[in-house]
Amino acid sequence: MYILYHIRKPCIALLPVFRRLCRYTFLLILLAVSMVSRLGSQDLSRLNAPVGFKIQGGINLTSNMYSVTGIPDRTSPFSWALSGSPTVQIGDIRFPFHFSFRDQRFGLGTPFNKFGVSPYYKWAKLHLGWRTMNFSPYSLQGKSFLGVGVELKPGKLRFNAFKGTLRNPFAQLDTLVYGARIVESYKRHAHGVKLGFGNTKNYVDVFYVKVKDDTGSLTERPPVADYELDPADNFVIGTAFKVTAFKKLELLSNLNISAYSDNQTLGEIVFENQLLRFINSLFVFNSSTQVSLAGDAALGLNLKNARLGLKYRRVEPQYRSLGISYIQSDVEALLGSVQMSMLKRKMIVSAKAGIERTDLRGLDYLGRRRLIRDIQLQFLPSKQLQVIGQLSNYQYETQDGLIELNDTLRIVNVTRQSGLILNYTRPGDRWQTGFNASIHIQSIRDQSPVLSFGSDISSLQTNISVKAAYLPLDLRCTPSVFYARYTLPMRLQERYGLGLSVQKGFWKKTLQIGISGRWANNDVDKLRNGHTLNLRVHGAYAMKNRHSLHAAISLLEKSSILSPSFNESRSSLSYGYRF
């Protein structure tokens, strides 16, 4: 009854809002059809292709409700989102759209709406709105921009260019640390050009990326006096090439030079040298400017059932680029690698080994040298059993991750990890059974900008689950046990408990209903610190293979001694349409 009560409340509250959003969706579809009609009225005979019209893709409308007692709100009490990825085709021209509209005006947070389209015809592609382009892993990769971009590949010529604004991540970092507080950040302008010649086997590229904060876009200072926000300026120039010989030997290289200013408002440095003055016309140097290099070179040999490789990578101290999320600097590594399949592809081995050192300029007393390794093994002795193992103390990342320690989000980078997964499934006409067992060990380096632990965090996570399915009733049940341990410099945290998941299909699998729950005891330094109870009920209904309806409600009860206890509920209702 408690769960039904919480389901009834958000469903009744969502009815008027859902009607309003359906009207918005209808208007948006009419607008898209109108735009397509105008495009279709153009003369496309010169494209030498039959003119036809086709639209496919889907849209999804979601509404969320949230409530909590015992702690401040961790998200908006009410929000909705409208997203879709329709593709319009007129003749040989394709217009893949993507849009995402979110409204959180009723609570914490700010609206974050995205709309983008990338029409293309043969070798020409245009980007409009929120789009992503990749130049290199050291200059521009994984960052979305709001603006315009173009990709041209006529024959062996390659030309990419973009201009727009990037989302400044400082506001998101502060929000994670200080709770649901929005920190205004500078508007970040960016543009770049990439020119190349060749194909996938042999090519050469040159490029540059320019990113600069708008000093006049910030109207107020951050609410935390200890955390200053300065306008940054960045200019990256680079080159990349690949050469293939004898169809088996490959040589690749990537070199980037970055000029980065922490504070562009400082006094400009004027150069007398003509070459330096020309460079100064592209980027303004001051006392906060640092110039660093980053790049790699690799040699690969492809054999029948194996690939051998040798790679050198160097990222100089203080190397930074505003076109990527994160990069580990002050590191040099030489790696050998091998990938092979054995026993008629029942065993696949991927291994890397080499040496790595830091403190490249002899300025860091914590510099280290280490033997690095990365071994991954996948063994399939039968169709029922799968074994996956990994052992690694080397991981090249351009993006941080998130973990939650004692209900506090930390920005982290994994430095060492090992794990083993066993998965067994026994098929049958009526019953299907099996089990899954896993263990993961990680060492995590805290990358949070403030309130850092200042040391590695070790974690151990284990899980054992049993799977049972009765096919005539489309009924599946999965009980599990788990244990997790986090070792901090001054604290030991442990979580262990039981879990259960039950899923049932109805009406020839058109309706799927699932119930899952997990009970965890929380210990700190071997002393009991309360418990955590998670309950979730979800359902999915597919109507005529085009319409779908999803609903879910989750309840979280947390009892704690060292931190506030609270009860939290989240519910969602979404409608999807494929066309």
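**Reading burial, contacts and salt bridges**

Modeller: We may begin with Leu335, which lies in strand 17, spanning residues 331-342. Please bear in mind that the model is predicted.

Biologist: Why does Leu335 count as buried?

Modeller: Buried means under 20% relative accessible area. Leu335 counts as buried because its relative accessibility is 8%.

Biologist: Which residues does Leu335 touch, leaving aside those up to four places away in sequence?

Modeller: With those set aside, the contacts of Leu335 are Gly309, Leu310, Lys311, Lys352, Ala353, Gly354, Ile372 and Tyr394. A C-alpha separation can also be read: Leu335 and Glu356 are 21 residues apart along the chain, and their C-alpha atoms are 8.5 Å apart.

Biologist: How many salt bridges does a search of the whole structure find?

Modeller: A salt bridge requires a side-chain nitrogen of Lys or Arg within 4 Å of a carboxyl oxygen of Asp or Glu. The search finds 16. One of the pairs is Arg314 with Glu316, whose closest N and O atoms are 3.8 Å apart. Arg314 is partly exposed at 24% relative accessibility, whereas Glu316 is buried at 14%.

Biologist: Which residues are linked with Arg314 and Glu316 in a network of salt bridges?

Modeller: The network also takes in Glu332, Arg357 and Arg361.

Biologist: How far apart are the closest N and O atoms of Asp474 and Arg476?

Modeller: They lie 2.6 Å apart, and the two residues form a salt bridge. Asp474 is buried, with a relative accessible area of 10%, while Arg476 is partly exposed at 34%.

Note on methods:
Residues numbered from 1 in each chain as written. Predicted model: local features only at pLDDT ≥ 70, side-chain atom pairs only at ≥ 80, totals over all residues. Heavy atoms only, no water. Helix = DSSP H or I, 4+ residues; strand = E, 2+ residues; numbered from the N terminus. Buried < 20%, exposed > 50% of the residue type's maximum accessible area, 1.4 Å probe, protein only. Contact = heavy atoms within 4.5 Å.
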